Amino acid sequence: MAQLSAHDLSFMFGLLGNIVSFIVFLAPMPTFYKIYKRKSSEGFQAIPYLVALFSAGLLLYYAYLKKNAYLIISINAFGCFTELAYIGLFLFYAPRKSKMFTGWLMVLEVGALGMVILFSYVFAQGSERVTIVGWICAAINLAVFAAPLSIMRQVIRTKSVEFMPFTLSLFLTLCAIMWFFYGFFRRDFYIALPNVLGFLFGVVQMLLYFVYKDSKRENINEKSDLEEAAKSKDIETGIKIEVEGGSDKELHSMEMAFPDCGNQNKQEDDQEMARIRSLK
């Protein structure tokens, strides 16, 4: 079997990176199906999709300058299309205030991308242009990979992995691995270096998932046990009340011990009084 060259390995990892990134780009579809069913995007934010769109647009421009970076072009063209579709659906169902805010952010994003293109063409040429845009892409990708820090902090604080699904963390880690080796074998360190951080954050996310995945269930069971203990204590307290001086105290003891077996007329009166108070 012939030994694979660096070009062959970069193509293989780039192709695998395209496949995994394709899955990652489609990951928000359940969220937007929920928005479609609700006919409202209230409670959701468009900022993650705007950041992903900006990153994909920059990488498209970088790939154009780099030449022969077809695998970067293919996945980021698809990424731009999907992020635009997500943002469009978000805006369609967003409240007026959210539409205005997201619209201004899009204007700023397009302006920032235009400034990068203009700056690189006016103040740099040839390989310098690739270097400038490459460093900008690396910085943006580092910021994107650092974004899950807030989610990891929330997981540690709440001891719940509800907002950090394991599948997404796994695919983000695989994506970082594929693109790191693509950049490594092509000697494109503007692609490789940010994905080192992406891999480390992905591993930490998966470790946090395994640490806290059962915490929610344990908290529910502990809460249920405490409620049962409190109920048992109330019943014991009611039974232990000393019955003295007539039927009123005896009735009071029985009502505390067995609240569901109290005077039916008294319950109905209490319910009626509560209803009247709620109307005021």
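**Helical architecture, burial and pocket lining in a predicted model**

Over residues 12-35 the chain is 92% helix and 0% strand, with the end C-alpha atoms 37 Å apart, where helices (H or I, at least four residues) and strands (E, at least two) are DSSP runs numbered from the N terminus. The structure is a predicted model, for which local features need pLDDT of at least 70 and side-chain atom pairs count only at pLDDT 80 or more, whereas totals for chains, interfaces and linings use all residues. Residues are numbered from 1 along each chain as its sequence is written, and side-chain values use heavy atoms, with hydrogens and water left out.

The unreviewed UniProt entry carries the annotation "transmembrane region" for residues 12-35, 47-64, 70-92, 104-124, 130-151, 163-185 and 191-212; the UniProt positions are given in the numbering used here, feature names are shortened, and annotations may be inferred rather than shown by experiment. Over residues 70-92, one of the annotated stretches, the chain is 100% helix and 0% strand, and the end C-alpha atoms lie 33 Å apart.

The protein contains 12 helices and zero strands. Of its 280 residues, 31% count as buried, the term buried denoting under 20% relative accessible area, exposed over 50%, and partly exposed the range in between (1.4 Å probe, protein chains only). Among contacts between residues at least 6 apart in sequence, 71% join residues at least 24 apart, a contact being defined by heavy atoms within 4.5 Å.

Helix H4 has 24 residues and reaches 35 Å from its first C-alpha to its last, close to the 34 Å expected at 1.5 Å a residue; the expected span of a helix is 1.5 Å times one less than its number of residues. The buried residues of H4 are Leu71, Ile72, Ile75, Asn76, Gly79, Cys80, Thr82, Glu83, Tyr86, Ile87, Phe90 and Tyr93, and what covers them includes H1, H2, H3, helix H5 (96-123), H8 and H9. Isoleucine 73, which also lies in helix H4, counts as partly exposed at 32% relative accessibility. When neighbours within four places in sequence are left aside, isoleucine 73 is in contact with Leu60 and Ala63; the C-alpha atoms of isoleucine 73 and leucine 60 are 5.5 Å apart in space, and the two residues are 13 residues apart in sequence.

Asparagine 18 lies in helix H1 (residues 6-26) and is buried, with a relative accessible area of 12%.

Glycine 183 lies in helix H8 and is buried, with a relative accessible area of 0%. Beyond its neighbours within four places in sequence, glycine 183 is in contact with Asp188, Ile191 and Ala192, while phenylalanine 13, 170 residues away in sequence, has its C-alpha 9.0 Å from that of glycine 183. Helix H9 (residues 189-212) has 24 residues and reaches 35 Å from its first C-alpha to its last, close to the 34 Å expected at 1.5 Å a residue; its buried residues include Ile191 and Ala192, together with Tyr190, Pro194 and Asn195.

About 1900 Å³ of space lies in the largest pocket. Here, on a 1 Å grid over the protein atoms alone, a pocket is an open set of points with protein on both sides within 12 Å along at least five of seven lines, and lining residues have an atom within 4 Å of a point; grid points are joined across faces, edges and corners, and the volume is the space filled by probe spheres set on the points. The largest pocket is lined by 47 residues, of which Val24, Pro48, Val144, Leu168 and Leu172 lie nearest its centre. The elements that give two or more residues to this lining include H1, helix H3 (47-66), helix H6 (127-146) and helix H8 (166-185), and H3 gives the most, with eight residues.

Notes. 1 Å grid on protein atoms, 1.4 Å probe; cavity = no way out; pocket = protein on both sides within 12 Å on 5 of 7 lines; lining within 4 Å.
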